[in-house]
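Q: I have a new structure open and would like to learn how to read it. Could you walk me through it step by step?

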Amino acid sequence: MNYNESITSIKGIGEKTAKLFQKLNLTRVGDLLDFYPRTYFAYPDALEVFPEDFESGTIAVLVRIQRKVYTKHSARMDVTSTQVVLGDVPISLVWFRMPYVKNQLEPGRLVILYGPCKKDHNGFKMEQAAIYTPEQYAALQTSLQPVYHLTKGLSNLTVKKSVKAAMEEISLEDYIPDSFLKKHTLIDLAEAYQRIHFPTAMEELLDARRRLVYDEFFDFILRVQLEKAKEEEAVLPIELPKRSLYDKVRWQLPFQLTAGQVECLEAMERDLLQGDCKQRLIQGDVGSGKTIVAFLAMLRMAENGYQTAIMAPTEVLAAQHYETFLEYCKTYHIPYPVYLLMGSMSAKEKKEVYGHLASDEVCFVIGTHALIQKKVSFSHLGMVITDEQHRFGVKQRMNLSVKGEHPYVLVMSATPIPRTLAMILYGDMQISTIRSAPKDRLPIKNAIIDEANRTKAYQFIAREIQAGHQAYIICPLIEASETTEAENVTEYAKRIEKIFAGQGKVGVLHGRMTPEEKNAVMHAFATNETNILVSTTVVEVGVNVPNATVMMIENANRFGLAQLHQLRGRVGRGSAQSYCMFIKDKSCKDAKRLEILNRSNDGFEIAAEDLKLRGPGDFYGIRQSGDMNFSIADIYQDADVLQMVSEDVADILRVDPELSSADGVLIRNHLKQKEHQIYDNL
Ligand code: ADP
Ligand code: MG
């Protein structure tokens with residue numbers, strides 16, 4: 001069996017199961033191996049006494065069966081029950097429809113019961129507990145159980161068995177040269193897959209993770225470098241003789257561009273005229289004013305006869321840019337049409353836009369990755385901008401060059417990664433940085449607030465609303481599937497509605513809404529029809545509502561620093577004083593990370609601190625930043641591996657730029673195997 005075979009060749013996966021896997025985008029054997037567990041479950045140590053403050057929860061208890069076990073037969077169901085004591089506290093045990101458990105519960109036996117337990121009138125009660133001998137339980141405890149993302153109809157057990165079956169059949173050849181593996185003490189690839197899915201201990205998991213992080217970076221950096229080496233026929237250099245509209249708009253803007261904004265525009269102009277740089281990264285912290293830079297750059301191109309496109313990672317953001325661009329065009333009497341292209345539009349609407357793009361018409365087009373689908377062709381595309389590039393990540397970055405067009409590419413990112421990392425990740429680009437915020441901005445005031453003082457936070461929000469401002473509330477996190485996340489937000493929003501009854505209107509936003517619903521909610525908030533927006537982290541990227549002055553983040557201690565900084569960036573986007581309140585869980589023992597945010601609003605400083613704080617210990621503890629959409633690697637946490645990979649790739653390409661040696665061919669084949677994960681859903 002090999003990596004690219006269909007998953008139906010795995011024992012136990014028929015058409016029906018394959019369909020379910022397909023919903024998770026898993027169609028080939030290799031996809032399944034790369035489908036890492038979302039987390040791991042470890043059986044807890046068995047208790048011999050109840051902890052003092054125990055009320056309810058899933059536990060394991062070590063008890064001796066002393067009383068007789070009864071099964072009551074009735075028409076509806078069999079109920080088997082008995083009572084045991086833990087320390088001196090009685091636990092009543094009940095099993096429904098499981099009369100056979102009696103065989104495992106002979107009086108005198110020592111057993112471990114595992115299951116949910118809660119306080120009862122005269123002790124505790126466990127229902128449907130699993131029963132193990134101490135030996136069986138000890139065996140279970142020696143391994144970590146993988147927990148996968150699932151979809152309706154697909155059980156964790158099915159995924160686990162399928163991965164196991166695939167592991168047994170597949171032949172995996174390690175493509176990373178031995179010398180590198182030895183040098184970095186990395187484990188073998190097959191071993192890494194085995195351990196990431198079926199680890200027996202935490203250390204094993206860390207070794208596996210390190211190897212797979214290495215591979216993910218390796219794949220990415222090598223592709224970037226190979227892409228860079230290709231001599232593509234670019235439209236560059238180009239002449240830009242006309243500039244009257246561009247100058248007029250710059251002159252008439254209601255604010256003065258910051259030095260950083262001007263530098264970016266100048267760098268872009270240099271690139272275009274001299275033709276020696278096809279791609280530029282614009283790094284600018286949240287709120288530094290990247291949109292106007294994009295607009296001016298596009299206007300300059302349009303004025304000289306080119307079509308330009310800007311791509312955003314979410315429909316909410318694309319729709320917002322569309323509104324902004326329409327507004328600019330109206331205000332400054334700009335004669336070019338603005339089009340919007342998103343996946344959720346009807347086939348007819350899309351077709352109409354395709355028509356415009358394929359014609360000679362000079363226009364601005366704004367969209368999501370719907371812009372880089374095969375069906376879209378441009379007649380004279382001069383520039384593509386991707387906004388919030390870090391959110392697109394690896395796949396779409398590669399896809400831009402697949403399109404066959406050769407426009408100048410400007411990528412914008414609000415992730416203030418340190419320059420050394422940026423130079424590795426964006427090795428194919430020049431980098432410009434907008435360091436300073438617009439002059440009219442007051443620094444955001446921050447506060448870390450204990451859960452117990454949440455009411456005070458609400459009162460503060462009420463006062464801001466009274467003053468005409470708006471607020472975001474990022475709702476509590478839950479560790480479950482997204483469906484329940486939607487329910488969770490809706491529940492929480494209802495509470496907020498009650499609390500603010502008569503004081504403010506509440507909108508709700510979450511990932512499971514349709515794009516139309518999301519846009520409607522954002523529109524209502526942007527126009528101040530709603531005063532409070534209760535949301536999951538979907539508002540994190542790019543949303544610009546300058547009238548919003550408060551950001552309140554529940555469970556703040558469970559987010560990564562980079563993500564918190566992005567969330568906070570939704571406020572402080574106008575001249576009014578803004579505030580960010582980080583709500584800290586009861587369970588939070590270490591607020592070091594929150595304190596960094598509390599004392600600094602500077603994304604670069606925060607990123608540097610983030611790098612220092614993270615270590616290999618943070619395995620799945622904190623939500624990762626999700627930057628660049630790596631599936632297991634994290635650019636901050638794994639910065640050392642990234643550096644390592646960058647040097648290795650350079651070494652490899654130095655001696656074998658075409659990847660034609662025996663080692664090189666192995667690597668090349670590996671890249672090919674993984675190609676579908678990057679290009680297939682175009
Ligand atoms: P981001 O860099 O996060 O994408 P935006 O481009 O959305 O930021 O800009 C945030 C807000 O700042 C917008 O309302 C924009 O009009 C405003 N803005 C941009 N540049 C300046 C400037 N030089 N002076 C004052 N306000 C500005
Ligand atoms: Mg933006």
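This is a predicted model: local features need pLDDT of at least 70, side-chain atom pairs count only at pLDDT 80 or more; totals for chains, interfaces and linings use all residues.

Q: How many helices and strands does the chain have?

A: The chain holds 22 helices and 22 strands.

Q: How do I read the radius of gyration of the chain?

A: Set the value beside what the globule rule gives for the length. The radius of gyration is 28 Å, close to the 26 Å from the rule for 682 residues, so the chain is as compact as a globular protein of that length. Along the principal axes, its C-alpha atoms fill a box of roughly 95 × 70 × 50 Å.

Q: What separates the centres of domain 2 and domain 3, and how many residues are in contact?

A: Start with the centres, then turn to the contacts. In contact are 11 residues of domain 2 and 11 residues of domain 3.

Q: What area is buried between domain 2 and domain 3?

A: About 930 Å² is buried between them, and carbon and sulfur atoms give 57% of that area. On the domain 2 side, V316, Q320 and R391 lose the most area to domain 3; together they make up 48% of what that side buries.

Q: How many salt bridges and polar contacts are there between domain 2 and domain 3?

A: The count of salt bridges between these two domains is 0. For polar contact, the rule finds 1 residue pair across the interface.

Q: Which helices supply the side of domain 2 that touches domain 3?

A: Both α11 (315-331) and α13 (389-402) supply at least two residues each. Helix α11 gives the most to this side of domain 2, with 5 residues. By residue type, the side of domain 2 that touches domain 3 has 4 nonpolar, 4 polar and 3 charged residues.

Q: Where can I look for a salt bridge elsewhere, and how many are found in the whole structure?

A: A search of the whole structure finds 21 salt bridges. One to look at joins the side chains of D207 and R195, at 3.6 Å from N to O. D207 belongs to helix α7 (residues 202-229) and R195 to helix α6 (residues 189-197), with the two 12 residues apart.

Terms used: Residues are numbered from 1 along each chain as its sequence is written. Chains are lettered from A and ligands numbered from 1 in the order in which they are written. Side-chain values use heavy atoms; hydrogens and water are left out. Contact means heavy atoms within 4.5 Å. Buried area is the accessible area (1.4 Å probe) that two parts lose on being put together, summed over both. A salt bridge is a side-chain nitrogen of Lys or Arg within 4 Å of a carboxyl oxygen of Asp or Glu. A polar contact is a pair of N or O atoms within 3.5 Å; within protein, one must be able to donate a hydrogen and the other to accept it, and residues adjacent in sequence count only if both atoms are side-chain atoms. Helices (H or I, at least four residues) and strands (E, at least two) are DSSP runs, numbered from the N terminus. Ala, Val, Leu, Ile, Met, Phe, Trp, Tyr, Cys and Pro count as nonpolar, Asp, Glu, Lys and Arg as charged, and the others, Gly among them, as polar. The radius of gyration is taken over C-alpha atoms; the globule rule is 2.2 Å times the number of residues to the power 0.38.
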